[in-house]
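Subject: structure handover

Hello,

Please find the structure below. My notes on it follow.

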Amino acid sequence: MKQDMIVILDLGSRNNTDIARAVRNLGVYSEIHPHDISLDKLSRLPNIKGIIINGGENNLIDGVRIDVDHGIYAAGYPIMVVNHESAEYVNRIKNWPETEEEIYEVLRIFIFNTCHAEPNWNMKNFTEDQVELIKKQVGDKKVLLALSGGVDSSVVAALLIKAIGKQLVCVHVNHGLMRKGESENVIEVFKNQMDANLIYVDASERFLKKLENVSDPEKKRKIIGAEFIRVFEEEARKLEGIEFLAQGTIYPDIVESGTKTASAVKSHHNVGGLPDDLQFSLVEPLYHLFKDEVRACGIELGLPATMVNRQPFPGPGLGVRCLGAITRERLEAVRESDAILREEFEIAGLDKRVWQYFTVVPDFKSVGVKNHARSFEYPVIIRAINTVDAMTASIEQIDWPVLMKITDRILNEVPNVNRVCYDLSPKPCATIEWE
Ligand code: XMP
């Protein structure tokens, strides 16, 4: 293994991720693990140079104060205990210092002077270590992966292709709600360029049938989610000898889904879903990475920058942006207008400046005039926002000439559309998506 590691044990502190990132900023790989990890499991983690037992205010579960497996205190690792009292250990810091500089200083002394860790964390070493770990975990068995073409699943695919080549079976399900050229791009990059074992399933018709006349946004989401699992399951059953399922779970997914010491923010859409008789062992090589690190890992693995840096796209795809009951003509209007918007944003250099941008087509028509005759058609709404964490968002102030060009192109090139509007609403009161 190339990298040294500092383990952070979560005993109810709110700053676990800050500490993990600070350790990485100091050049040493770090992983956060739950407080109840057994000594046996802990000691199988590679290259541990030291442990931070990170206590905090959420240190009661069912009224009982939590502690780590007592064997860990005596196992011989250099240990720093913060904000946690244990009979086993007296050398501890009462709490983290106030300022970031002071925290870094405490960490620097522990990591380098006490643990003698080397600052050898970088994407090249991370990737090489993960390749070795995946090979060890999987052996000569086969691994299945649902490859949507999103950042996380693409990086997992590239990592597994590097580690086990054709033992990885990727399934790309086209639910008919992809953006223009998206499925083609997945096939081009993974099948043609990386020679992956890729199964392409065009399930568009199936999804559109299930969604016919369904206008409630939550029902649409549920149908798309359930149908996706059904299609994926059908494909999985056709394959033989699969023992593992790879997933693009990343650390923020774990935090948002709730840890043992913190409640959930939102349920994580990648976790679970497959029926009991299809329970595979999981391969989750990005589990401890943050989003920016996942992107860096993708670049290290040679994925195209456009794929690695792409803007967020909801799992239910254009289904949430084609408002009300989805029809083919409005779905095409969303897809084509979105493609024009993306093209023009790239030309104007806005793709690098704007966090998320897309079009929406509502389910009402209005009167217009086209070719000297009355038209009765749909509007297209443009949305372009900036945000740090997607919890709040402000709109991007696009230059008029760019907006005029996009408007002109949409009105000329996209059928069934007679108006283009620009959404000026921040979040809150609006959300980023319309649905
Ligand atoms: P809202 O509309 O809630 O969106 O302001 C916040 C961010 O989340 C994205 N989003 C999703 N991402 N699966 C995802 O991976 C989903 O089902 C989903 N729905 C919304 C949205 O695009 C925005 O960036």
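Domain bounds here come from an automatic or database domain assignment. For this chain it gives domain 1 (5-114), domain 2 (123-308) and domain 3 (321-422). The model is predicted: local features need pLDDT of at least 70 and side-chain atom pairs count only at pLDDT 80 or more, while totals for chains, interfaces and linings use all residues. Residues are numbered from 1 along each chain as its sequence is written, and side-chain values use heavy atoms, with hydrogens and water left out.

Domains 2 and 3

The centres of domain 2 and domain 3, taken over C-alpha atoms, are 29 Å apart. In contact (heavy atoms within 4.5 Å) are 12 residues of domain 2 and 12 residues of domain 3. There are 2 salt bridges between domain 2 and domain 3, a salt bridge being a side-chain nitrogen of Lys or Arg within 4 Å of a carboxyl oxygen of Asp or Glu. The side chains of E205 and R328 form a salt bridge at 3.0 Å, N to O. On the side of domain 2 that touches domain 3, helix α8 (residues 204-211) gives the most, with 3 residues; helices are DSSP runs of H or I, at least four residues, and strands are runs of E, at least two, numbered from the N terminus.

The sheet

Five strands form an open parallel sheet, in the order β2-β1-β3-β6-β7; two strands pair if DSSP finds at least two bridges between them. β2 (29-34) and β7 (92-93) are at the edges with a single partner strand each, so one side of each has no neighbour in the sheet. Strand β1 (residues 5-11) pairs with β2 in the parallel sense over 6 bridges. D10 has P34 in β2 as its bridge partner.

Regards
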